[in-house]
Structures are given as C-alpha cells and as structure tokens.
Amino acid sequence: YDGTLVPFASTPELGRPDDDLLELLADLAQRPRTTVHVVGGRGRETLERWLGMTGVGLHAEHGVWSRPPAGAAWTTSVTDSGEWRDRVRELFAEYAASTPGSLVEEKTVGLAWFYRGAEPAFGIRQADALWQQLVEILEGTQAEVIEVTSGFEVRPRGINKRLVIADALRLVSADAYVVAIGDDATDEDMFAALPDRSMAIHVGPRHTIAPYRLTDVAEVRAFLAALRQDVPVNATAAAAV
C-alpha cells in the first residue's frame, strides 16, 4: 500500500486513499478472471475502513492478518506470546522522544518506529543505534526486527509476505498469471514466493530481486490503469531492471 499505491505520508492518517485509487481498485476487482489483493503494514481496521468497499483481498501488518475478497472474516495464524512487547515499546518511545519527527505505530502483534519526519542524517544515525539495541533485546525471543522504509518493525518471527502469496494463490486456478508490485524490503519475500507464471515489479531505485521496475506511485497507477483497460502487460511502462 504505502509507497506503491499512495506516496509515503509524514503521519499514518495522511496516507488515506484518494477517490481515483478507490475507483481503480474497484474496477480491477470487477474485471473478469481477475483477483486483486492489497498488502501493507497498516492494521486491519485501517485497511478495512479505507479499502473494504473496493472488493479486493486485504492483508494487514505485512501478512499477520488476512481476509479474501468480498468481505469475508479476517484470520491470523500468529501464536506469539508477545513477551518482548513491553521492552520494545519502551525503547521505541525513548527513540521517538529523542528523535524529533519520528513516531511509533502500535499494531495488534507488532510495533513500528518511523523516522520519515526527522532530519534525514540524524534519523539515520538514530536508526543505526536503535537497530543494535533491538537485536540485543530480541535475541532468544519469538520476534524479529525488519527494516521498512525509514524505520523498523518488530513482529513475530516467520510472519512475512510469503504468506500473502500462499493465501492469494489458493483462490485462483493453477495456471493463473500473478503480477506483484511492491516498493520496500518486506516485498522481497513476496517476490521470492511467486510461482513461475508471474511478473515481479519493484517500485523505486533500491536493490531488488524483481526483474521489472517502476519509478513511483504515479507509474504504478498508470500500469494498473492499463490493466483495467485490457492493455497487454508487456505493452505497459514497466521497465526491465
């Protein structure tokens, strides 16, 4: 979602979808022989409130929670006890207080710290120091820290976007062609789990295993609009890496 369908925002609520995106997703979801899923780091309540009316499948907190298209119930396979949460919450709060422009986002099973609003050089220095402390705190626990765009997220070990691909493929025929688009390090797990008949597209300049690349959110939306209009995938603006 963030960084792929909408630009990154300084605060979570500013990232809500605009009418053009809602219309685009709804049209794609109604396209014959097409199933659409949106996965992101946001909580399931937010994704449901913002995108639930479009008819797409939704996957919250990078795959912790999932629900198929057409509004079925949310499910999760997480069994982590969360004994690490209090220590991580305290550490994130400490860094949020000492890093102006940073913020903490609490999720149902995970915690995230973002420094998108901080002075860039200072934010990176703080992130380096925080990373080292997180690794020490989480050693021997059931949780792991992952790098996301301008921040870190701590979540139960083994929860990643590979699970989203498995959920999505259960709903389509064996010969379905899969197109996956993502912008951040967590999307590399998704790309690695794609079947043979697929196209992986990375958004932005960072290193990726995806063989195709789009520059930004505007190009992603143009690509999806081409699919909506039945323009063949190979004729779209996705450039080979």
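Tryptophan 74 sits in the loop that connects β3 (65–67) and β4 (75–76) of this predicted model. Its relative accessibility is 18%; because the limit for a buried residue is under 20%, tryptophan 74 counts as buried. Beyond its neighbours within four places in sequence, tryptophan 74 touches Arg44, Glu48, Leu58, His59, Ala60, Trp65, Ser66 and Arg67. With one of these residues, glutamate 48, the side chain of tryptophan 74 also makes a polar contact of 2.9 Å. Valine 179 lies 105 residues away along the chain from tryptophan 74, and the C-alpha atoms of the two are separated by 23 Å.

The next element to look at is helix α4, which runs over residues 120–138.

Which residues of α4 are buried? They are Gly123, Gln126, Ala127, Leu130, Leu134, Ile137 and Leu138. These residues cover an arc of only 110 degrees around the axis, which means that they lie on the same side of α4. The spacing follows from helix geometry: an α-helix has 3.6 residues a turn, so residues three or four places apart point the same way. On the other side of α4, Arg125, Asp128 and Glu136 are exposed.

After α4 comes glycine 140, which has a positive phi, near 85 degrees.

Notes: Residues numbered from 1 in each chain as written. Predicted model: local features only at pLDDT ≥ 70, side-chain atom pairs only at ≥ 80, totals over all residues. Heavy atoms only, no water. Helix = DSSP H or I, 4+ residues; strand = E, 2+ residues; numbered from the N terminus. Expected span 1.5 Å × (residues − 1). Buried < 20%, exposed > 50% of the residue type's maximum accessible area, 1.4 Å probe, protein only. Arc of directions from axis to C-beta. Contact = heavy atoms within 4.5 Å. Polar contact = N/O pair within 3.5 Å; in protein donor to acceptor, adjacent residues only side chain to side chain.
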